[in-house]
Amino acid sequence: MPWLLKMTLLAATIKAAVDLYLGWRMIRAVEYLSPTSGSSLAWLVVLLFLTFYLFPLSGFFQYLGGANVDILTYPKPIIYYFWFGFAFSFQVLAWIVASDILKISANANGINAPFVDQVYGFLVVGFFLVILVYTGYKMYSDTLDIEVEPITYTEETLSEDLEGFRIAHITDVQADRYTGQPQVAAYVDRVNAEHPDLVVVTGDLISYGTGYVAMAADELARLEAPHGVYFVIGDHDYWAGSDEIAGALRERGIRVLEGENAYREVGRARVRLSGITNVYSRTAPVEEVRRLTRDSTEAELRVMLTHQVSEEIIRESEAAGYHLLLAGHTHGGQIRVPLFFTRFSAPDFETPYVQGPYQEGEMLINVNNGLGFTLSPVRYNAPPNISIIELRRE
């Protein structure tokens with residue numbers, strides 16, 4: 001079974017478990033509000049929940065029929081609709097559970113049962129309708145609106161020449177049928193509007209194949225920074241062919257670091273950029289990390305670039321006195337759904353470094369959300385972003 005279909009079916013199974021509870025409570029709420037026509041309305045509720053599964057079920061039955069399944073070629077509306085439903089189910093879940101707790105508490109305290117049932121019905125139906133609209137709006141906004149995230153890194157021994165130095169960190173462009181030339185161009189334009197001194201891209205130029213390599217490389221070639229643009233290989237680059245990806249970028253003047261260091265002179269200060277390939281199919285050996293980080297004190301600013309964060313890279317970089325470790329891969333969780341008092345996403349089961357800046361000792365780790373998609377062509381609580389890291393002396 002194709003990986004994309006397998007993961008979609010897993011998401012559908014998790015959603016189904018939540019929907020069984022939500023559907024049951026919604027049916028009861030409708031019956032409380034309309035005892036006479038409640039049964040008919042209840043069937044409409046069931047039908048609404050079932051429509052969310054058109055996308056995964058179509059893929060599943062096509063697979064059972066022996067066909068070659070590529071769910072990325074399915075009509076976009078049914079794909080969007082399923083993932084909207086996935087986010088909606090979790091967004092509304094806590095509110096329905098809270099309503100149930102209130103109802104149980106009211107009944108236990110002897111409050112008039114018919115009155116409680118009516119209030120419960122209004123609450124549940126109200127939450128469903130309001131959150132349905134909210135989820136749609138937020139998913140639309142989080143998918144399309146690019147955010148600029150300002151991050152300040154302070155270091156009391158920072159060279160005066162590096163005061164105010166600005167690094168634009170982007171990642172996971174993942175050009176494909178969903179992230180086309182207009183989207184990549186807009187991303188590049190937003191970076192250029194920030195006037196960074198240096199741009200780093202921590203992997204995944206494309207999502208699959210090589211059909212979008214030239215377009216994505218052409219757009220990244222428009223990035224403007226006086227101290228250059230640097231790139232490290234990501235998972236999808238590695239699978240599609242890292243040599244072709246790296247070649248296309250180098251032809252356009254972008255420096256690709258594959259287990260090597262690069263240096264920039266900023267006034268009298270020296271900046272070291274260490275780029276390492278650390279992806280699913282190729283885990284960076286500790287010896288390679290140590291080789292890269294050796295003699296690090298020869299530079300006033302030391303920056304490690306990698307697609308995926310690992311404990312070994314963190315440990316060795318911190319021990320060598322690196323100031324910044326910049327990575328991508330997680331898409332910031334991409335779809336981060338609420339679960340009571342927290343949010344979770346698939347990458348949370350893989351790494352504690354999912355979204356935004358983290359501090360490890362004296363070293364700042366930044367995991368950028370990127371632009372593109374994996375598995376689902378939408379985002380929720382993880383909008384595409386551009387990290388602007390500004391260096392300051394304490």
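## Close-up views of a predicted model

**View A. L305 stands opposite L326 in strand 9.** This is a predicted model, where local features need pLDDT of at least 70 and side-chain atom pairs count only at pLDDT 80 or more, while totals for chains, interfaces and linings use all residues. Residues are numbered from 1 along each chain as its sequence is written, and side-chain values use heavy atoms, with hydrogens and water left out. The partner of strand 9 here is strand 8 (residues 301-306), and the two run parallel over three bridges. Strands are DSSP runs of E with at least two residues, helices are runs of H or I with at least four, and both are numbered from the N terminus. Two strands count as paired if DSSP finds at least two bridges between them. Strand 9 (residues 324-327) is covered on both faces: L324 and L326 are buried on one side, L325 and A327 on the other. Buried means under 20% relative accessible area, exposed means over 50%, and partly exposed sits in between (1.4 Å probe, protein chains only).

**View B. Six strands make an open sheet in the order 1-14-2-3-4-5.** Pairing in this sheet is mixed. Strand 1 (147-154) and strand 5 (255-256) are the edges; each has a single partner strand, so one side of each has no neighbour in the sheet. Strand 2 (residues 166-170) pairs with strand 3 (residues 198-201) in the parallel sense, over four bridges. In that pair, I167 faces L198 of strand 3. Helix 6 (residues 181-193) packs on the sheet and touches strands 1, 2, 3 and 14 (385-392). The direction of helix 6 makes about 20° with that of strand 14. For such angles, axes are lines fitted to C-alpha atoms (for helices, over the stretch in contact), and values run from 0 to 180 degrees between N-to-C directions.

**View C. T171 sits in the loop between strand 2 and helix 6.** Is T171 buried or exposed? T171 is buried, with 0% relative accessible area. The T171 side chain makes a polar contact with the side chain of T202, at 2.8 Å. A polar contact is a pair of N or O atoms within 3.5 Å; within protein, one must be able to donate a hydrogen and the other to accept it, and residues adjacent in sequence count only if both atoms are side-chain atoms. Setting aside neighbours within four places in sequence, T171 is in contact (heavy atoms within 4.5 Å) with residues including Y187, H307, H329, N368 and N369.

**View D. E390, in strand 14, belongs to a network of salt bridges.** The network links E390 with E163, R166, E194 and R392. A salt bridge is a side-chain nitrogen of Lys or Arg within 4 Å of a carboxyl oxygen of Asp or Glu. E390 is buried, at 18% relative accessible area. Not counting residues up to four places away in sequence, E390 touches I151, T152, Y153, G164, F165 and R166. P150 is 240 residues from E390 along the chain, yet their C-alpha atoms are separated by 7.6 Å.

**View E. D100 and R25 form a salt bridge, with 3.1 Å between the closest N and O atoms.** The pair links distant parts of the chain, 75 residues apart: D100 lies in helix 4 (residues 76-108) and R25 in helix 1 (residues 3-33). D100 is buried at 11% relative accessible area, and R25 is buried at 8%.

**View F. R250 and E258 form another salt bridge, again with 3.1 Å between the closest N and O atoms.** R250 counts as partly exposed at 40%, and E258 is partly exposed too, at 31%. R255 forms a salt bridge with E260, where the closest N and O atoms are 3.5 Å apart. R255 is partly exposed at 35%, and so is E260, at 26%. The structure holds 23 salt bridges.

**View G. Helix 5 (residues 113-144) carries a cap at its N-terminal end.** What caps helix 5? N112 does: one of its side-chain oxygens lies 3.0 Å from the backbone nitrogen of F115. Helix 5 has 32 residues and reaches 46 Å from its first C-alpha to its last, close to the 46 Å expected at 1.5 Å a residue. That expected span is 1.5 Å times one less than the number of residues.
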